[in-house]
Amino acid sequence: VSAELRARVLAAAAAETSPTRADLRRRNLLIGLVAAASGLGAFAIFAALLSEGHLLRLGGEVAPHQYLERPIGLVATSVGGALVVATTAVWLALRRGRSMLGRSRRRLLCGAALIPITLLAWKVGSSIAFGASMVAWPERPGERCLALSLAVAAGPLLSFLAIRRSAPVQPALNGAVIGFAAGAFAWVAADLWCPVAYVPHVLLGHVLPLGVLAGAGALLGRALLAPRSR
Amino acid sequence: MANPGLDGADAAMERYARGDAAAFADVYDAIAPRLLDFLRRATRHASAAEDLMQQTLLHIHRARGSFIPGAPVMPWAFAIARRLVTDSARRRRVERRLFSETPADDDWMTYDPTAATAAADDLLHAHRLAWRIQQRLDALPELQRNAYRLLRQEGLSLKRAAEVLGTSVSAVKLRVHRASVALRAALREAEEPA
């Protein structure tokens with residue numbers, strides 16, 4: 001390796017500032033706060049626009065003289081479980097384990113498969129356990145939950161990609177898992193807001209956004225996380 | 001067995017991540033020779049390899065804050081370099097398609113057999129053999145070629161090569177085995193009298 005090349009590389013590095021570990025920790029904390037604020041903000045605005053400011057909805061009249069009631073214990077169980085899954089998903093998406101190359105393909109694929117399955121199973125399982133009727137609500141096919149989930153997850157998705165910064169191996173798959181993680185947090189918000197546990201509604205309004213966000217994450221991951229030659 | 005150079009690179013990278021600016025020179029000294037060797041083999045063009053090595057090291061420089069304490073630097077550097085080689089080759093292909101009228105004077109992905117000039121028969125034979133092997137290596141599917149280079153030419157362990165390639169150890173074994181079979185066949189063909 002020539003001395004000229006060495007001098008050139010060292011000079012180029014010296015001319016470009018880069019964050020140290022402490023700087024990056026502060027920056028990531030700030031990005032995390034922005035992600036939380038954007039998610040909560042989108043949730044509050046959406047709820048204010050669509051349901052008179054009710055962030056927590058326990059039921060309603062699904063048909064003439066037929067009411068859907070969601071006990072508060074069910075809300076706590078369902079939302080609490082989803083929060084645990086969402087936190088685990090963020091840990092999987094943003095922590096790289098002990099290697100700079102991130103998690104193995106197998107682990108990422110397992111995570112990508114398990115996140116939506118676990119969330120769906122928990123939602124349906126807790127509704128059954130509490131004896132809540134999973135009745136159809138014809139006026140609520142799920143498009144509002146779909147929109148809510150996408151609006152809530154947009155900020156966290158971009159923030160998580162900014163925190164991850166780079167993935168030289170499997171950038172698209174890493175991006176997809178980041179999309180699932182952002183979607184899992186949106187699931188928590190949708191679960192808080194939406195009393196409907198009717199499975200077709202859950203698939204359209206709650207599970208589909210996870211897929212959309214994973215697809216968006218994969219595309220963004222390939223574009224933003226993969227190192228590019230200049 | 002511990003490699004003092006690479007262990008030194010890991011320690012230097014850790015110091016660099018913490019903010020010791022002078023440690024980057026140590027990181028460079030520890031990884032640049034192997035990295036440049038890898039890039040020269042991958043591109044077979046000296047200036048392109050140097051350019052990509054600079055980009056790889058600058059990428060490491062920019063991402064120093066995200067360095068995980070105790071993580072090895074070399075597989076990370078190889079993974080970035082490999083990605084940059086692929087991206088650079090893709091970019092060149094696109095440029096070539098867009099400007100197909102322009103002569104490809106910067107075509108560093110093809111080998112120039114006229115470069116091998118030797119008077120002695122045995123040297124000529126060796127060059128021909130190397131050329132045949134290189135041609136066969138280039139003709140291998142990219143997955144097999146990368147696995148072979150990392151394992152056989154760069155000396156990475158199966159586990160590290162699997163990490164760099166983002167696949168399993170058994171997949172790397174299979175790719176290297178297939179590459180070795182193809183190269184052995186090419187060697188036999190070259191050795192047979194015409």
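**Entry 1. Salt bridges in chain B**

I began with B:Arg41 and B:Asp37, which stand four residues apart in helix 2 (residues 23-43) of chain B and are therefore separated by about one helical turn. For helices I took DSSP runs of H or I with at least four residues, for strands runs of E with at least two, numbered from the N terminus. The side chains of B:Arg41 and B:Asp37 meet in a salt bridge, 3.4 Å from N to O. I counted as a salt bridge a side-chain nitrogen of Lys or Arg within 4 Å of a carboxyl oxygen of Asp or Glu.

I then looked up the accessibility of both partners. B:Arg41 counts as partly exposed because its relative accessibility is 31%, and B:Asp37 counts as partly exposed because its value is 32%. The classes I used are buried for under 20% relative accessible area, exposed for over 50%, and partly exposed in between (1.4 Å probe, protein chains only). I also noted that salt bridges with shared partners join A:Arg228, B:Asp87, B:Arg90 and B:Arg91 into one network.

The model is predicted: I kept local features at pLDDT of at least 70 and side-chain atom pairs only at pLDDT 80 or more, while totals for chains, interfaces and linings use all residues. Residues are numbered from 1 along each chain as its sequence is written, chains are lettered from A and ligands numbered from 1 in the order in which they are written, and side-chain values use heavy atoms, with hydrogens and water left out.

A further pair in chain B is B:Arg15 with B:Asp20, whose side chains meet in a salt bridge at 3.3 Å, N to O. B:Arg15, at 36% relative accessibility, counts as partly exposed. B:Asp20, at 31%, also counts as partly exposed.

A:Glu16 counts as partly exposed because its relative accessibility is 26%.

**Entry 2. Chain A as a whole**

I read seven helices and two strands in chain A. Along the sequence, the pattern is α-α-β-β-α-α-α-α-α. The C-alpha trace of chain A spans about 85 × 35 × 25 Å along its principal axes. Of its 230 residues, 49% count as buried.

For contacts I required heavy atoms within 4.5 Å. Among contacts in chain A between residues at least 6 apart in sequence, 81% join residues at least 24 apart. The accessible surface of chain A comes to about 10,800 Å², and 69% of this belongs to carbon and sulfur atoms. I took accessible areas from the Shrake-Rupley method with a 1.4 Å probe; for residues, only the protein chains shown count as cover.

**Entry 3. Helix 6 of chain A**

Is A:Trp193 buried or exposed? A:Trp193 is found in helix 6 (residues 171-193) of chain A, and its relative accessibility of 2% is why it counts as buried. I placed A:Trp193 and A:Gly32 161 residues apart in sequence and 23 Å apart in space, C-alpha to C-alpha.

A:Phe185 also lies in helix 6 of chain A. At 28% relative accessibility, A:Phe185 counts as partly exposed. Setting aside neighbours within four places in sequence, I found A:Phe185 in contact with A:Leu83, A:Ala86, A:Thr87, A:Val90 and A:Phe160. A:Phe185 and A:Val90 are 95 residues apart in sequence, with their C-alpha atoms 9.0 Å apart.

**Entry 4. A nonpolar patch on chain A**

I noted a nonpolar surface patch formed by A:Leu29, A:Leu30, A:Leu33 and A:Val34, with about 420 Å² of accessible area together. Patches are made of residues with over 30% relative accessible area and no salt bridge; like charges are joined within 9 Å and nonpolar side chains (Val, Leu, Ile, Met, Phe, Trp, Tyr) within 5 Å. A:Leu29 lies in helix 2 (residues 21-50) of chain A, and A:Leu29 counts as exposed because its relative accessibility is 59%.

**Entry 5. Chain B as a whole**

I read eight helices and zero strands in chain B. Of the 194 residues of chain B, 45% count as buried.
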